[in-house]
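Thanks for making the time. I have one structure for today, so please look at it first and then I will walk through some local geometry.

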Amino acid sequence: MLRAKGSLLSIDLTARSATTEEIGDELAAFVGGRGLATKLAHDRTPFDADPLGPDNRLYFTSGPLQQSRMSFTGRMNATAVSPLTDGIRSTNAGGYLSRNFVETGHPAVEIVGESDELLAVHVTDDGVEFEEVPELEGASVSAVTEYVEGVRDLGAEHLVTAGPAGENEVRFACIMTSDTRAFGRGGLGAVMGAKGVKCVSFDGDSAPDVEVPDVQTDVHREAAQSDDLMKRQGTTGGTEFINDEFSLPTRYFTEFSFEHVEDIGGDAVEEKKYKRGTCSQCAYGCKLPTRDEETGLETEGPEFETVMSFGSCAGVGDIVDVMKSNDLCDELGLDTISCGVTVSAYLAAEDEFGNAELVHELIEKIARREGVGDLLAEGVDRAHEELGVENWSSKGLEFAAHDGRAINGQGLSYATSNSGADHMYSEILSMEYSGELDPEGLDGKAPVLVESENAAAFKDSAIACAFSSDYVTDERLGELFGADPEELYAIGGRVVELERHFNNERGFDRSDDDLPYDLPDFEAALDEYYAERGWNEDGTVPDRKVEAAD
């Protein structure tokens, strides 16, 4: 079976040392990416580790497809215990980092311990260097890139960076790469900041030899020739459709549609797009470099989730205002979904929906934990009672745009996800939007959800972009990896199993698989989901299943 190759590089910040270890068995069993990182974290991170303490281990991992010439493979994975959800969290980012990462010769890099001094860590195929960088304290993401370019002649595509939000341990701080691409959800930027790491650079010329079958050429050609709307409008292309036919969460989830949707949706974004944007090796090119000629503002995006969180959810109906929110989050290192929803919770509390100037002030205050920003930096789950608003989160993670009240299978997915309200944890939402599944009700959806979660977990291990499904079909995935799709998705199931067990050991059980709204026959659907996975009725994984997953 196709899998990543190489060794684990373990970086101890406390000792300022680095060691390499063989991980052949883990790679053989889990392929790479999210699966490899989950296995390593499950076995090496103490179950009681403080997410912001030295025992938490932060993993960066690639998969075998990052050594192909195929579109949809310009991505990487990051994994750690989340400061926002308190459970294990994996997230991936696009851009241009992955090829530079694998050139170090390592498919996995582990960072443990903490530094008393702010560090830039430089990883090459020759070793690791620790550079004290007190002058970068509080620096924006682009300022860090400028510094490293000047000192090391390495651009943004070589870097992972914690912005001011990460340094200040904002619970939804993200890790940035290529300046505008984010390891976005769950606060892993705060993990990096708590460890005293401002950035890590990756460079080398020692990628292990991984032979990827020729079917990659067919995928790449079709991606280049496609005329999909997404190539022009990214994920915003369906904004009006979702608003009109389903639900676009509006004014902190109190309404289901936004009257100014045309001013922030796909057409509005496309009007501001000024050049093509893509990720490493990808001919699909769905990214959104945007510019407002009047103000001179340039950013990348906003994507659909940001259009919701800083647009409809905040009651803001001007695409330039949403672009500015997006740009601030990129520069400061903030997840746009959690930040926008948390800001919207404050707007709800203060009856300030639509106040874009206040939104931008709050983003800055959150990143630096100034004034009310210190409260909001904790996220909705920890701040909602003091704000006096509803808790729109699941397992501590703020809800994404795809509304489970309108597409009920996605609601069940938010509840069962080991990451909380994560729209990328399964692929069931696309089936409900397309009509392949009736969006109403939960009857018969639990088995579909299990298959969908397993498929997503395997693709995150491969690593293949979530938007590759029309091109990287089950048949082609089998050709690429030399195995039946059922065998591949069984690997994804083991990844989900290990994540759930890790969280169980941290106290998670059925009571955490919950939602702030009612769905029809929800408890029966949970029972069916646990039975389908062979788990206990309380949502915990039996010991025999953990041993099988290992």
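Predicted model: local features only at pLDDT ≥ 70, side-chain atom pairs only at ≥ 80, totals over all residues.

Start with helix H2, residues 33-44. How far apart are the end C-alpha atoms of H2, and does that agree or disagree with 1.5 Å a residue? The 12 residues should span 16 Å, and the end C-alpha atoms are 16 Å apart, so the two agree. The buried set runs Gly33, Arg34, Gly35, Leu36, Ala37, Thr38, Lys39, Leu40, Ala41 and His42. Note that Arg34 and Lys39 are on that list.

Val31 sits in the loop between helix H1, 24-30, and H2. Its phi is positive, about 75°, although Val31 is not a glycine. Is Val31 buried or exposed? Val31 is buried, because its relative accessible area is 0%, and the cut-off for buried is under 20%.

There is a second residue of this kind, Asp86. Asp86 is in the loop between strand E4, 76-81, and strand E5, 88-93. Phi of Asp86 is near 70°, again positive in a residue other than glycine. Asp86 has a relative accessible area of 28%, so it counts as partly exposed.

Next, helix H14, residues 356-368. Its 13 residues should span 18 Å at 1.5 Å a residue, and the end C-alpha atoms are 19 Å apart, which agrees. The buried residues in H14 are Ala356, Leu358, Val359, His360, Leu362, Ile363, Ile366 and Ala367. What do those buried residues pack against? Their partners are helix H5 (164-167), H11, H12, helix H13 (336-350) and helix H15 (373-376). Just after H14 comes Arg369, with a positive phi of about 50°.

Two of those partners, H11 and H12, also meet each other. H11 covers residues 304-312 and H12 covers residues 319-332; their axes come within 9 Å and cross at roughly 110°. That angle makes H11 roughly perpendicular to H12. The crossing of H11 past H12 is right-handed. On the H11 side, the contact is made by Thr306, Val307, Phe310 and Gly311, and on the H12 side by Val322, Ser325, Asn326 and Cys329. By class, the contact residues are four nonpolar and four polar, with no charged ones.

Now the cis peptide bonds I want to show. One runs from Gly301 to Pro302, with omega near 10°. Pro302 is in the loop between E14 and H11. Another joins Ala462 and Ile463, and there omega is about -5°. Where does Ile463 lie? Ile463 is in the loop between helix H19, 445-462, and helix H20, 474-481.

Last, Gly296. Gly296 is placed in the loop between strand E13, 289-291, and strand E14, 298-300. Gly296 is partly exposed, given a relative accessible area of 47%. From Gly296 to Gly87 the C-alpha separation is 41 Å, and the two are 209 residues apart along the chain.

That is everything I have, and I can take questions.

Conventions:
Residues numbered from 1 in each chain as written. Heavy atoms only, no water. Helix = DSSP H or I, 4+ residues; strand = E, 2+ residues; numbered from the N terminus. Expected span 1.5 Å × (residues − 1). Buried < 20%, exposed > 50% of the residue type's maximum accessible area, 1.4 Å probe, protein only. Axes fitted to C-alpha atoms, helices over the stretch in contact; angles between N-to-C directions. Parallel < 35°, antiparallel > 145°, perpendicular 65-115°, else oblique. Left-handed = near helix turned anticlockwise from the far one by under 90°. Contact = heavy atoms within 4.5 Å. Nonpolar A, V, L, I, M, F, W, Y, C, P; charged D, E, K, R; others polar.
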